[in-house]
Amino acid sequence: MGENISDYSQNIVDLRRHMWMDGVEVELRRLIWQIAVVGKYISAKIHESNRKLAGFKNIYGEEQLALDRVSDDILKSKLHHSGFVSHYASEELDDIVAIGNGKEKYIVTADPLDGSSLVDTNLAIGTIIGIHKNSIFDCGRNSMVAALYITYGPLITMIYSAGKGAHEFVLDREGEYVLSEENIRLKEKGSIFSPGGLRRDWTDAHLKFIDKLESDGYKLRYSGGFVPDINQVIIKRGGLFTYPALKKSPQGKLRLLFELQPMAFIVEQAGGRATDGKEDILSLKVASVNQRAPIYIGSAAEVAMAGEFLSQSL
Ligand code: AHG
Ligand code: MN
Ligand code: MN
């Protein structure tokens with residue numbers, strides 16, 4: 001016989017109860033909950049996806065999977081006139097759009113489906129969300145109030161932070177997000193690294209940094225999906241993910257607004273750091289929705305080490 005119902009209700013903390021206990025403001029609680037529910041719809045779409053390229057190109061000139069656009073449509077329509085969201089910006093749209101009457105409290109940024117090129121391989125992919133209380137055209141430290149990401153893997157997990165620590169939930173059989181790891185804290189130093197970009201495109205300073213990690217015995221962990229790759233660093237409580245400045249693209253590949261700010265918010269709440277090699281990601285001012293930045297994110301020691309190697313190149 002499984003746990004009896006009374007045990008179930010007392011020992012299990014679900015997402016809504018945790019946010020209430022955490023003192024998260026009621027409209028923010030409802031917004032985070034709504035987005036967590038969308039994760040279930042997106043997961044259903046992944047399961048039934050036809051995995052065909054949509055024949056579209058996003059503003060970065062990258063092929064868009066039907067799944068990218070479906071995920072974006074689901075998220076945007078769920079938040080449209082939700083009462084909490086005035087504007088929505090996503091990696092799949094050319095610009096920020098109004099989805100409320102303009103008086104709502106929050107602005108939501110989204111990478112609706114991160115790692116979509118991996119869908120056909122059945123590797124884990126994810127959704128990345130940033131929640132801002134005022135203009136997104138500022139630095140994240142001023143505008144952000146919460147962030148979350150959902151990992152669609154063997155389990156569906158969600159890590160959120162509303163500024164009071166970072167916490168993980170697992171979607172259970174009953175469709176409830178149940179607390180699995182509370183107040184996640186990264187160690188000062190880890191033992192894995194996740195290096196994006198091609199070695200031949202790395203700058204000399206970055207190459208020397210990666211060689212140092214390898215000679216120090218760090219294990220390489222890279223899937224090509226930012227969400228599962230950074231999730232591994234967080235769940236293993238340390239290590240480093242990087243997608244650096246490249247010789248031909250000094251701003252690297254990942255999007256500041258949709259991918260880097262939310263992950264930097266969460267990792268800082270877990271006691272880690274996130275920089276572009278020099279500046280904190282959350283201190284970078286967002287000038288345009290499609291702005292990119294190099295990223296070094298994870299436990300403090302490795303991010304600091306990266307900064308030392310890169311400063312020697314100046
Ligand atoms: P998206 O699927 O949202 O476009 O993101 C893909 C990104 C990110 O998930 C990952 O870290 C990076 O692309 C991988 O780039 P490479 O294929 O160059 O390794
Ligand atoms: Mn992405
Ligand atoms: Mn994406």
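I started with ligand 1 and found 16 residues around it, the closest being Asp114, Gly115, Tyr222, Phe226 and Tyr243; a residue counts as near if one of its heavy atoms lies within 4 Å. This is a predicted model, where local features need pLDDT of at least 70, side-chain atom pairs count only at pLDDT 80 or more, and totals for chains, interfaces and linings use all residues. Residues are numbered from 1 along each chain as its sequence is written, chains are lettered from A and ligands numbered from 1 in the order written, and side-chain values use heavy atoms, leaving out hydrogens and water.

Next I looked up polar contacts (pairs of N or O atoms within 3.5 Å). A polar side-chain atom of Tyr222 sits 2.6 Å from an oxygen atom of ligand 1, and I noted 2.6 Å for a polar side-chain atom of Tyr243 and a ligand oxygen atom too. For Leu113, a backbone N or O atom is 3.3 Å from an oxygen atom of ligand 1. I then checked cover: ligand 1 alone exposes 470 Å², and the protein buries 80% of that (Shrake-Rupley areas, 1.4 Å probe).

Which elements give two or more residues to the shell? I found β5 (106-114) and β13 (240-243), with strands being DSSP runs of E, at least two residues. β5 gives the most, three residues. Domain 1 (2-181) and domain 2 (192-311) both give residues to the shell, so ligand 1 lies between them; the bounds come from an automatic or database domain assignment.

My last entry is on the second largest pocket. I counted 15 lining residues, with Ile46, His47, Asn122, Leu123 and Tyr152 nearest its centre. A pocket is an open set of points on a 1 Å grid where a 1.4 Å probe fits, with protein on both sides within 12 Å along at least five of seven lines, and lining residues have an atom within 4 Å of a point.

Terms used. A polar contact is a pair of N or O atoms within 3.5 Å; within protein, one must be able to donate a hydrogen and the other to accept it, and residues adjacent in sequence count only if both atoms are side-chain atoms. Helices (H or I, at least four residues) and strands (E, at least two) are DSSP runs, numbered from the N terminus.
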